[in-house]
Amino acid sequence: LAAMRQYGPLPSSGNDVAKQRLEGSTPVFGHSIGYVQQVDVAEIQAFAEGSQTEVDVAALAGTFAAPGRALAYVNTTSGAPADIDVSRVENAFHIGRNRTFNEDPRFGLIAMSESASRALSPAVNDPGTAIDVIGTLVRLFAVWADPGQDHGPRPVLDRVATPDLSLHDMFEDAFGAIARDGAASVEVIVRLQKAFEALSSIQHPTMQDVAMKHARLTLARAETALEFPTDLERVRQATRFALEN
């Protein structure tokens, strides 16, 4: 939740890579192999102000970094000096061997999903824990979708842009493994479909589309795993909201 809320004040480039391809944009490469654990956007903003440039962040926290993969692009087309030292931008990316939770909401979603998957293993057989995780995930996505949530004071970041997190990827991180490993559990799948229905009712067009798509995918998994007709009919009834739209 804390990691999700950190994205509220960040200016989004909407995944628009046009600036990155402009003549005069300088790619910033790292020299370490590992995962981006933190991006100091305030430091990047300070660099951009001092150098009269704009910076497009290309690697959010959780991105696997390696030499040859750009971390950011510095746009020097606005009259900035040609000999800018971009090492300050490189140093704003903290790279380590493992992913961390602080600025990486997708990693948190994966960890929660893995907890549910372990609970659904034959050795544990604890669908109640998986159902509890699903409810928690719904609460997290509801916070993510609420544009009016209080993020506190917003820093001035008028020279930095970051890519959007893919909501489809976030749903896959959160629900994909649960839908796969719980496909033969009618209780889990029905609860999962109710979760998708709840998220699709939030006034957020992208989330509505993604939730209904994942509901249909979950139904398809259940149709290959559930053998008892009554169980399958329960799942289909729970998926009507996605099938009728």
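## The model and its confidence

This is a predicted model, in which local features need pLDDT of at least 70 and side-chain atom pairs count only at pLDDT 80 or more, while totals for chains, interfaces and linings use all residues. Residues are numbered from 1 along each chain as its sequence is written, and side-chain values use heavy atoms, with hydrogens and water left out.

The pLDDT is the predictor's confidence in each residue, from 0 to 100. Its mean over the protein is 88, and 87% of the residues reach 70 or more. Over residues 14-21, the pLDDT is below 50, and this stretch has 11 contacts in the model beyond near neighbours in sequence; a contact means heavy atoms within 4.5 Å. Where pLDDT is low, the predicted coordinates should not be read in detail.

## Overall make-up

The protein has 11 helices and seven strands. Both are DSSP runs numbered from the N terminus, with helices being H or I of at least four residues and strands being E of at least two. Of the 245 residues, 44% count as buried. Here buried means under 20% relative accessible area, exposed means over 50%, and partly exposed lies in between, with a 1.4 Å probe and protein chains only.

Among contacts with a separation of 6 or more, 78% come from residues 24 or more positions apart. The protein exposes about 12600 Å², and carbon and sulfur atoms supply 49% of that area. These accessible areas come from the Shrake-Rupley method with a 1.4 Å probe; for residues, only the protein chains shown count as cover.

Four strands form an open sheet in the order 1-5-3-7, with mixed pairing. Strand 1 (25-29) and strand 7 (160-161) are at the edges with a single partner strand each, so one side of each has no neighbour in the sheet. Two strands pair if DSSP finds at least two bridges between them. Strand 1 and strand 5 (residues 70-75) run antiparallel and are joined by five bridges, and P27 stands opposite Y73 in strand 5. Helix 3 (residues 41-51) packs on this sheet, touching strand 3 (54-57), strand 5 and strand 7. The direction of helix 3 makes about 150° with that of strand 3; the axes are lines fitted to C-alpha atoms, for helices over the stretch in contact, and angles run from 0 to 180 degrees between N-to-C directions.

V74 also belongs to strand 5 and is buried, with a relative accessible area of 0%. Its C-alpha atom is separated by 5.9 Å from that of E54, 20 residues apart along the chain.

Strand 2 (residues 34-39) is joined to strand 4 (residues 64-65) by two bridges, with F64 as the bridge partner of Y35. Four bridges link strand 2 to strand 6 (residues 93-96); V36 stands opposite I95, and Q38 has H94 as its bridge partner.

## Cores and a buried glutamine

The largest nonpolar core has 55 residues, and F93, F141, F171, F175 and I178 touch the most other members. Its largest share, eight residues, comes from helix 6 (residues 127-145). A nonpolar core is a set of buried Ala, Val, Leu, Ile, Met, Phe, Trp, Tyr and Cys residues joined through side-chain atoms within 4.5 Å. Apart from this core lies another of nine residues, among them V186, I189, L226 and V235.

Q193 is in helix 8 (residues 186-200) and counts as buried at 0% relative accessibility. Leaving aside residues up to four places away in sequence, Q193 touches A215, T218, L219, A238, T239 and F241.

## Two positive phi angles

Back to N125: its phi is near 55°, a positive value in a residue other than glycine, and at 59% relative accessibility N125 counts as exposed. Q52, in the loop between helix 3 and strand 3, also has a positive phi, near 55°. Q52 is partly exposed, with a relative accessible area of 42%.
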